[in-house]
Structure formats: C-alpha cells, structure tokens
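Subject: Structure handover

Hello,

Here is the structure for you to look over. My notes on what turned up follow below it.

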Amino acid sequence: EATLERLFSQRLILGVVSDWDSRLPRLLAALGLGPYLHFVLPSATAGAAKPMAAFYNLALEEAGVGPDEALMVGDSYHADVLGARSAGMAALLLDREGTATHSDVAVIRSLAEVLDYV
C-alpha cells in the first residue's frame, strides 16, 4: 500500500489489469486499495484476456496514455511481460521468490522496487 501511495502521489495513473472476474474492483476496494487506482480492468468484463495485445490496448485506453508512457508490472513472464510488449509497453517482472531466469526483462523482488523505474 505504501508503494501505491507513493506512486499515486507522483500523479501517475495506476490501474490493475488482471485475468479475474467482475468481483475484482470490489475486492480491491475492500482491501483499501481503491483510492490509489484510477481503473480496474478484469478480463471477465473486458472481452479480452492476457496475453492478448487487445487487453493491454484497453488498459492504455482506460489510462489515456500511449504505450511508450506505460509500464506493466506483473508476475507472469508469458501473460504480463510478453502481453505488454505485444502492445508496445515496457514491463517489469515481479518475482518475489527470486527464481526468474529471463534475461530480457528487468526483474524486481517487491513492488517497492517499481519506484526505481518511474
């Protein structure tokens, strides 16, 4: 939550793009994260899913930014990193366990490290 607060205070547009059902916005709000998020885009209501470029393009549209202005942070190389790249976005791989073997993407161990990339 502290990382989201810092990113939000920098006036960055924050969103959640997830292969989840329509309950996701309510769940994030119940967790107290809603005030930091400009949008929540669950695949169940988007008509597209990861790693489809169309899904990431919808996220860019929601954020009102171009792909060169966006950064995807996700924990799946295939769905998040490659999906974001298919839409022209940069990506970070969140690997809390430190087991990632991909050399073509920056890997972070916690969300706090995102602050080093924005």
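One cut-off first: a residue is buried under 20% relative accessible area, exposed over 50%, and partly exposed in between. Arg23 has a relative accessible area of 47%, so this residue counts as partly exposed. Please keep in mind that this is a predicted model.

Salt bridges

The structure holds 3 salt bridges. In general, side chains of opposite charge can pair when their charged atoms come close.

Arg23 belongs to one of these bridges. Its side chain meets that of Asp21, with 2.6 Å from N to O. Asp21 has a relative accessible area of 28%, so it too falls in the partly exposed class.

Another bridge joins Asp80 and Lys50. Their closest N and O atoms are 2.6 Å apart. This pair links distant parts of the chain. Asp80 sits in helix α5, while Lys50 is in the loop between α3 (43-46) and α4 (53-63). The two are 30 residues apart. Are they buried or exposed? Both Asp80 and Lys50 are buried.

Then there is Asp104 with Arg85. Here the closest N and O atoms are 2.9 Å apart. Asp104 lies in the loop between β4 and β5, and Arg85 lies in helix α5, so the pair ties together parts that are 19 residues apart in sequence. Asp104 is partly exposed, at 41% relative accessible area. Arg85 is partly exposed as well, at 32% relative accessibility.

Now the pairings in turn. β3 and β4 are parallel and share 4 bridges. Within that pairing, Met72 has Ala91 of β4 as its bridge partner. Gly74 stands opposite Leu93, also in β4. Leu92 is found opposite Ala106 of β5.

Burial in the strands

β4 is mostly covered, with 4 of its 5 residues buried. The chain crosses from β3 through α5 to β4, and this β-α-β crossover is right-handed.

In a regular strand, side chains alternate between the two faces of the sheet. Which residues of β3 lie on its covered face? Met72 and Gly74 do, whereas Leu71 and Val73 make up the uncovered face.

In brief

Best regards

Methods
Residues numbered from 1 in each chain as written. Predicted model: local features only at pLDDT ≥ 70, side-chain atom pairs only at ≥ 80, totals over all residues. Heavy atoms only, no water. Pairing = 2+ DSSP bridges. Buried < 20%, exposed > 50% of the residue type's maximum accessible area, 1.4 Å probe, protein only. Right-handed = clockwise from strand over helix to strand, strands pointing away. Salt bridge = Lys/Arg side-chain N within 4 Å of Asp/Glu carboxyl O.
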